[in-house]
Amino acid sequence: MDEVEADEIIPASEGFGNRVTNSQLQKEHTSPRQRVSTSERMLSKKLVLLNLLTNFLMFAVAGFITYHCFNKATVLFSWHPTFMSIGYLIVMSQAILSLSGANLLTYKRHHKTKLFLHWLLQVTGGVLITIAFVCIFVNKVRMGKAHFQTTHGLFGLITVIATLISISGGVFTKYGYQLRHIMRPIYSKINHGIAGIVTYVLGMITIGLGIYSVWFQEDNNAQVRLALLIGLIAIAVNVLINPITATISRIKSALRTTL
């Protein structure tokens, strides 16, 4: 849009004298709407490719972790990394992307539909993550091992608590208008956005630490672990870029109305 507006404001004679080329004549006979739609079509191709790549990485990384959990035997512990990776890498990622205008699956949907999908996926992800936590906790009890003795375990505990808090904060945000006498809706959205971003980053760190745990290193060399780590980082960047941008925009808007 910025380029189109600039072309409409700046006279054609500036910088080029009075010389008019065929491309300039064609541009003059092209309406602003046509120029914008062409730009959007070019941008949408990039977004579609980026979205497809992100979704591929989600399922590839989660699928590899799940395969590793069951390739030898099925035990109670197997369900911990399985539900945790599916819960975060796929379900929570899709929950965040569902509100993005660049998401291939929801960009044509009504805002209310996006909110409903966001809620549904958040709750589903929360259930899967809670089950994953219960599985590892019960497994530790059965094995007679101490809880939260590793960096991965401590991050996992913090991540689960942060996830439940973030989901609870989403309830406040959903009814932000009704609760505006307690907090302005824009502040509840900012708080929920920051909490969601921090929680998702914690989830990615926890999964990354799991990839470098003793259990995972037994059957996977350094190259495999590095590839999975790069995949995690790529997923996190693509998933969080829109929430971070939206949260920064809301903070600026809140500051303008407050100061």
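1. Phe64, Phe77, Trp215 and Phe216 come together as one aromatic cluster, in what should be read throughout as a predicted model. Across the structure there are 7 aromatic pairs.

2. One of these pairs joins Phe133 and Phe148, whose rings are stacked, with 6.2 Å from centre to centre and 10° between the planes. Phe133 belongs to helix 5 (residues 111–143), while Phe148 sits in the loop between helix 5 and helix 6 (151–174), so the pair ties together parts that lie 15 residues apart in sequence. Phe148 is partly exposed, its relative accessible area being 30%.

3. The largest nonpolar core contains 32 residues, and those with the most contacts inside it are Tyr88, Leu89, Tyr200, Met204, Ile207 and Ile235. At least two residues of this core come from each of helix 3 (32–70), helix 4 (79–97), helix 5, helix 6, helix 7 (185–211) and helix 9 (222–258). Of the contributors, helix 4 gives the most, with 9 residues. As general background, nonpolar side chains tend to be buried together in soluble globular proteins.

4. Ile235 deserves a separate look: leaving aside residues up to four places away in sequence, Ile235 touches Thr54, Leu57, Met58, Val61, Leu89, Ser93 and Tyr200. Among these partners, Leu89 and Tyr200 are themselves listed with the residues that have the most contacts inside the core.

5. On the cysteines, the structure holds 0 disulfides. Cys69 is buried, with a relative accessible area of 5%, and Cys135 is likewise buried, at 10%; both are classed this way because buried means under 20% relative accessible area.

Notes:
Residues numbered from 1 in each chain as written. Predicted model: local features only at pLDDT ≥ 70, side-chain atom pairs only at ≥ 80, totals over all residues. Heavy atoms only, no water. Disulfide = S-S within 2.5 Å. Buried < 20%, exposed > 50% of the residue type's maximum accessible area, 1.4 Å probe, protein only. Phe/Tyr/Trp six-rings, centres within 6.5 Å; stacked < 30°, edge-to-face > 60°. Helix = DSSP H or I, 4+ residues; strand = E, 2+ residues; numbered from the N terminus. Core = buried A, V, L, I, M, F, W, Y, C linked by side-chain atoms within 4.5 Å. Contact = heavy atoms within 4.5 Å.
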